[in-house]
Structure formats: C-alpha cells, structure tokens
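Here is a short report on one protein chain. Look at the structure first, then read on.

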Amino acid sequence: MPSTDSSRYELYYWPVTGRGEVIRLLLQYGKVNWSERHPVNWPEDKPNTPFGCLPVLIESREDGTKFELAESHAIERYLARKFGLVGADEREAALIDSFAEGWGTLIDAMIQIRYGSTDEAKEAGKASFKSSSAEIIQYHEKQLKKNGNGYYVGSKLSLVDLVAYNLLHSLKGVGNKVFDDITGFNKLIETVESDSVVGSYARERVSAYQLD
C-alpha cells in the first residue's frame, strides 16, 4: 500500500527522465508531498551534494531534520522499501532486486553509447547493449511469462516493474525497437499504466522520454 508518510521530499535532478524517472514514479506511488528542483549553477553546487553527482533526494521530516541521499539505485531501494514495493517476503525481495540489477548492464551500455569518450568506447557500448538486451529478452521474458500477470514477481507492483517500465520507454524515446514486439514487456507496460495509484502519472510522463 502507498505510504502515509508525512515527510516532504525534494528530488534534485536535471529536467530529463534519465536516472530520476524511477524516483519520480516511486514518489508518485507513495502519495507523498514531493517537489523537484533543477540545477541552476551546477559547478558551484556540485561540492554541496553528498557525492558530487545527481540525483539527490532530500527528505524533510516533521521534527525539522533533513535526510539527504544520493546515488539513484540507493534512492530507489530506499523509497521502494518505504512504500512496500519490495515483495511479500525476503525471497520475493531478492528476486525483485536481482531482476532490477539485470537492467543495470543495459543502462551502462546506453550511457557508454551516448557519452563514450572515444569511438571505440561507443562501439564497445553497442556490443554490450546487443548482448545484454538479448539476455534480458531471454531471461526476463521467461520470468514475466512464468508469473503471467504483468508483474515480474508476485501479484502487485514492485520496484523492478518500474525500473523495466522506465527503460522500455527510454528506448522507445530514442527510436530503439529492440523490445517492441516482446509480449511480456508490452503487458508490463500496460500493467503499470493501468495501475490505480501511479498509472495516470506514468501515462502523462510518456512524452517526457521524447525530450531526453
């Protein structure tokens, strides 16, 4: 169930989907009071962030204390635990985490393709993308088919569903069709977008992927 958390949250990140989109989806799912702030003078503000990188989540609690957390995956797991998106037990939580990590290689390859410092680095990213996407289709599709209800694990939304949803739309946004005809992934997209809590927000955000 979504949290009844009374804290206020601020996402400090660039105005793109990128590494902030899953965090946005989680905050929306949690039905918490949250807002977003974008860098104005990043070189000046960078030393003031926990690790000199974005995104950063700032949680302001009722007692006046503030909690800052950096690194996108750490933020995602923190919010997923708070909002009950880590499965029904430890085994489900482990499966959710393992499949979420499975998307990590693809994310790294996408970054290398786009931001690689040399042509060789970009080509290596393309090779990694090809192999990792084939493995995701093979193993993740098998899991989605086995579960059979549009979720990776169990019978309700979890962190990995939002991670996959974000990556699938990120690829569609740049015209990559590698996952377009995969039944399990198409069903997952429909499942997330029909969710009673976060579905309407997810549908509204689809156009944002075209801007990255």
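## Strands and pairing

Two strands count as paired if DSSP finds at least two bridges between them. The model shown here is predicted. Strands of a sheet pair through backbone hydrogen bonds, either parallel or antiparallel.

Start with strand 1, residues 8-12. Strand 1 pairs with strand 2, residues 33-37, in the parallel sense. Five bridges join these two. Find L11: the bridge partner of L11 in strand 2 is E36.

Strand 1 also pairs with strand 3, residues 56-60. Here the two run antiparallel, again over five bridges. Two residues show where strand 3 meets its partner. E10 has I58 as its bridge partner in strand 3, and Y12 has V56.

What is the order of the four strands in the open sheet? The order is 2-1-3-4, and the pairing is mixed. Strand 2 and strand 4 (66-70) stand at the edges. Each has a single partner strand, so one side of each is left without a neighbour in the sheet. From one strand to the next, the twist averages 20 degrees.

## Helices on the sheet

Helix 3 covers residues 72-82 and packs on the sheet. It touches strand 1, strand 3 and strand 4. The direction of helix 3 makes about 130 degrees with that of strand 4.

Helix 1 spans residues 21-30. Together with strand 1 and strand 2, helix 1 makes a right-handed β-α-β unit. Helix 1 lies across strand 1, strand 2 and strand 3. Its direction is at about 155 degrees to strand 2.

## The annotated region

For residues 7-87, UniProt lists "domain: GST N-terminal" in an unreviewed entry. Over this stretch the chain is 31% helix and 25% strand. The end C-alpha atoms of the stretch are 23 Å apart.

## The nonpolar core

In soluble globular proteins, nonpolar side chains tend to be buried together. In this model, the largest nonpolar core has 57 residues. Which residues have the most contacts inside it? They are L79, W103, Y152 and F185. Helix 7, residues 159-173, gives the most to this core, with nine residues.

Now pick out W103. Leaving aside residues up to four places away in sequence, W103 touches I136, H140, Y152, V163, A164, L167, L168, F179 and F185.

Notes
Residues numbered from 1 in each chain as written. Predicted model: local features only at pLDDT ≥ 70, side-chain atom pairs only at ≥ 80, totals over all residues. Heavy atoms only, no water. UniProt positions renumbered as here; feature names shortened; annotations may be inferred. Right-handed = clockwise from strand over helix to strand, strands pointing away. Axes fitted to C-alpha atoms, helices over the stretch in contact; angles between N-to-C directions. Contact = heavy atoms within 4.5 Å. Core = buried A, V, L, I, M, F, W, Y, C linked by side-chain atoms within 4.5 Å. Buried < 20%, exposed > 50% of the residue type's maximum accessible area, 1.4 Å probe, protein only.
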